[in-house]
Amino acid sequence: MDPVTHFTSGVVLSKSLGFKAKTKSVVLFGSLALLPDIDNVISFFGTKADYLLYHRGFTHSVWGGLILGILAAFLLKYIFKKSFLFSLITGASIMYTHIYLDYITSYGTQLLAPFSRHRFALSSVFIIDPYFNTYNFIDFCTYFKKP
C-alpha cells in the first residue's frame, strides 16, 4: 500500500478507538501507521536489488509488528496518559493493520522474518511502488536518451 493509505488507516483507527479529531491524535496515529516502512531507509544506502530484498522484511513480520507496537505503546502512554495495556493494544493494532494492508497486495510481506524470507501475499490488491517504479522510469528514459 502507499503511505497515504497507511496514514489514513491510522487516523481511522484513532477515531474508532474514541480519540477526538484533534491535530495531535490524527498526526500521531497517522505517523505511527507509517512506522513499519522504516525499512525504506535501505533505499538510500543500497541498490534496487537490496530494496526489493529487504523492504517489507522484519518490520513487516509478526515479531517486528510486536516490537514496533510495544515502542508505539510507550509513546501513546506518555502522550495520552492511558493505561499501558490500552496503549499496547492500540500500538499493536496500528502496526498489524499496516502489515495486513501490505499482506493483501501482490508484493506481499515476509511475515515470518527473520526466520524465513518467504513472502506471503494475498494478491487481492495490485501494488504500485513509488520508489521502485520511479527509478525504473528514470532508467527507461535515460536508456533512450541520445548521447
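Predicted model: local features only at pLDDT ≥ 70, side-chain atom pairs only at ≥ 80, totals over all residues.
1. Residues are numbered from 1 along each chain as its sequence is written, and side-chain values use heavy atoms, with hydrogens and water left out.

2. Helix H6 covers residues 84–103, and its 20 residues reach 28 Å from the first C-alpha to the last, close to the 28 Å expected at 1.5 Å a residue; the expected span is 1.5 Å times one less than the number of residues. Helices (H or I, at least four residues) and strands (E, at least two) are DSSP runs numbered from the N terminus, and the protein has seven helices and zero strands.

3. Helix H5 (residues 62–80) packs on H6 at an angle of about 135°, with the axes 7 Å apart; axes are lines fitted to C-alpha atoms, for helices over the stretch in contact, and angles run from 0 to 180 degrees between N-to-C directions. H5 and H6 are therefore oblique to each other, given that angles under 35 degrees count as roughly parallel, over 145 as roughly antiparallel, 65 to 115 as roughly perpendicular and the rest as oblique.

4. Phe 84 is found in helix H6 and counts as partly exposed because its relative accessibility is 31%. Not counting residues up to four places away in sequence, Phe 84 touches Ala 73, Phe 74 and Lys 77, where contact means heavy atoms within 4.5 Å. The C-alpha atoms of Phe 84 and Ala 73, eleven residues apart along the chain, are separated by 6.8 Å.

5. Arg 56, in the loop between helix H4 (48–54) and H5, has phi near 60°, a positive value in a residue other than glycine, and at 2% relative accessibility Arg 56 counts as buried. Lys 81, in the loop between H5 and H6, has phi near 55°, again positive in a residue other than glycine, but Lys 81 is exposed, with a relative accessible area of 64%.

6. The peptide bond from Ala 113 to Pro 114 is cis, with omega near 5°, and Pro 114 lies in the loop between H6 and helix H7 (130–143).

Definitions and conventions:
Buried < 20%, exposed > 50% of the residue type's maximum accessible area, 1.4 Å probe, protein only.
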